[in-house]
Amino acid sequence: MINYNPKEWFTFIFQIHKADTFRKLLPLMLAVSVYAGLVAYLELEYWQLSESSHVKNLSLMHSMLGFVISLLLVFRTNTAYDRWWEGRKQWGALTNNSRNFAIKLKAFLAADDRKFFNNMIPNYAFALKSHLRENEDYHEIDPVLDLHKEKHLPNQIAHAMYDKLFKLHQEQKLSAEQLLILNSEAMSFTDICGACERIKNTPIPFSYSVFIKKFIFFFVMTLPFGWVFSLGYYIIPVVVFILYAFASLELIAEEIENPFGTDANDLPLDAICINIKKHVSEILE
């Protein structure tokens with residue numbers, strides 16, 4: 001995730017960052033500019049269509065459809081941002097629950113019994129991050145358990161923590177009341193994992209996403225036919241700018257609808273995991 005100062009307007013306007021949609025759309029914008037120039041040349045120079053031609057009336061279609069496509073893109077970006085923000089809330093909850101769990105464990109357990117949880121609570125965060133990214137490189141997880149990497153790793157760690165709590169209860173190091181107090185934080189790990197999996201595994205419906213892309217494409221590709229009579233060859237930068245505006249919104253929505261990846265605008269899961277490990281260690285040591 002990119003950290004930035006939202007007050008630096010001139011930096012945003014004149015600097016092209018690697019995450020900027022301008023870089024991704026540049027080949028398409030160049031192709032569309034050539035296409036718009038060709039249409040303008042054919043209508044104005046080759047066919048020499050007059051302003052009384054019915055082709056000019058195509059601009060009426062764009063006036064009506066412009067409002068529709070704006071509503072679709074607003075809904076698309078809002079839906080994608082809701083998924084991004086929901087993912088951030090779930091990882092914020094994981095951070096808070098990890099701290100609360102560690103604080104309660106420190107109050108209830110002796111130092112030797114806390115060592116297991118000092119390793120396993122951060123391990124759960126790193127395992128969940130790797131699980132959501134479908135990354136099988138688990139080098140960040142301490143090898144304190146004989147974990148099966150081909151199985152659901154966050155579930156294994158959550159089970160190990162629950163199993164440890166019940167063993168401490170059987171050894172009379174935790175009372176039934178203390179076990180009940182710890183239960184809500186212990187359960188929250190799996191609840192958060194399930195919520196993150198729901199976001200990751202339920203993308204925007206395929207038909208909806210395809211329809212928006214096709215709508216933007218045909219809307220932009222038909223713009224030069226009607227508007228060339230009003231704008232002449234200035235239709236080239238106008239069409240390119242409209243393409244940049246509409247396609248950028250769709251690209252941004254695509255990137256943030258799965259907030260657990262490694263794109264520039266995805267959530268800073270690495271930093272969150274490191275903070276969880278740091279804060280839990282400070283509490284339980």
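1. D113 is buried in this predicted model, with a relative accessibility of 13%. Its salt-bridge partner is K173, at an N to O distance of 3.3 Å. K173 is partly exposed, at 40% relative accessibility. Because D113 belongs to helix α4 (residues 111-132) and K173 to the loop between α5 (153-170) and α6 (176-201), the pair ties together parts 60 residues apart in sequence.

2. A salt bridge also joins E134 and K200, with N and O 2.7 Å apart. E134 sits in the loop between α4 and α5 and K200 in helix α6, so this pair connects parts that are 66 residues apart in sequence. Here the acidic residue E134 is exposed at 62% relative accessibility, whereas K200 is buried at 18%.

3. E255 and K24 form a salt bridge in which the closest N and O atoms are 3.4 Å apart. This pair links distant parts of the chain, 231 residues apart: E255 is in helix α8 (residues 235-256) and K24 in helix α2 (residues 21-46). E255 is buried, with 11% relative accessibility; K24 is partly exposed, at 48%.

4. The structure contains 15 salt bridges in total. Shared partners connect R76, K213, E250, E254 and E257 into one salt-bridge network.

5. On helix packing, α3 (residues 58-108) and α7 (residues 206-231) meet at an angle of about 150°, and their axes are 10 Å apart. The two helices are therefore roughly antiparallel, the cut-off for that class being over 145 degrees. The crossing of α3 and α7 is left-handed. Their contact comprises 17 nonpolar, seven polar and one charged residues.

Methods:
Residues are numbered from 1 along each chain as its sequence is written. This is a predicted model: local features need pLDDT of at least 70, side-chain atom pairs count only at pLDDT 80 or more; totals for chains, interfaces and linings use all residues. Side-chain values use heavy atoms; hydrogens and water are left out. Axes are lines fitted to C-alpha atoms, for helices over the stretch in contact, and angles run from 0 to 180 degrees between N-to-C directions. Helices (H or I, at least four residues) and strands (E, at least two) are DSSP runs, numbered from the N terminus. Angles under 35 degrees count as roughly parallel, over 145 as roughly antiparallel, 65 to 115 as roughly perpendicular and the rest as oblique. A crossing is left-handed if the near helix is turned anticlockwise from the far one by less than a right angle, and right-handed if clockwise. Ala, Val, Leu, Ile, Met, Phe, Trp, Tyr, Cys and Pro count as nonpolar, Asp, Glu, Lys and Arg as charged, and the others, Gly among them, as polar. A salt bridge is a side-chain nitrogen of Lys or Arg within 4 Å of a carboxyl oxygen of Asp or Glu. Buried means under 20% relative accessible area, exposed over 50%, partly exposed in between (1.4 Å probe, protein chains only).
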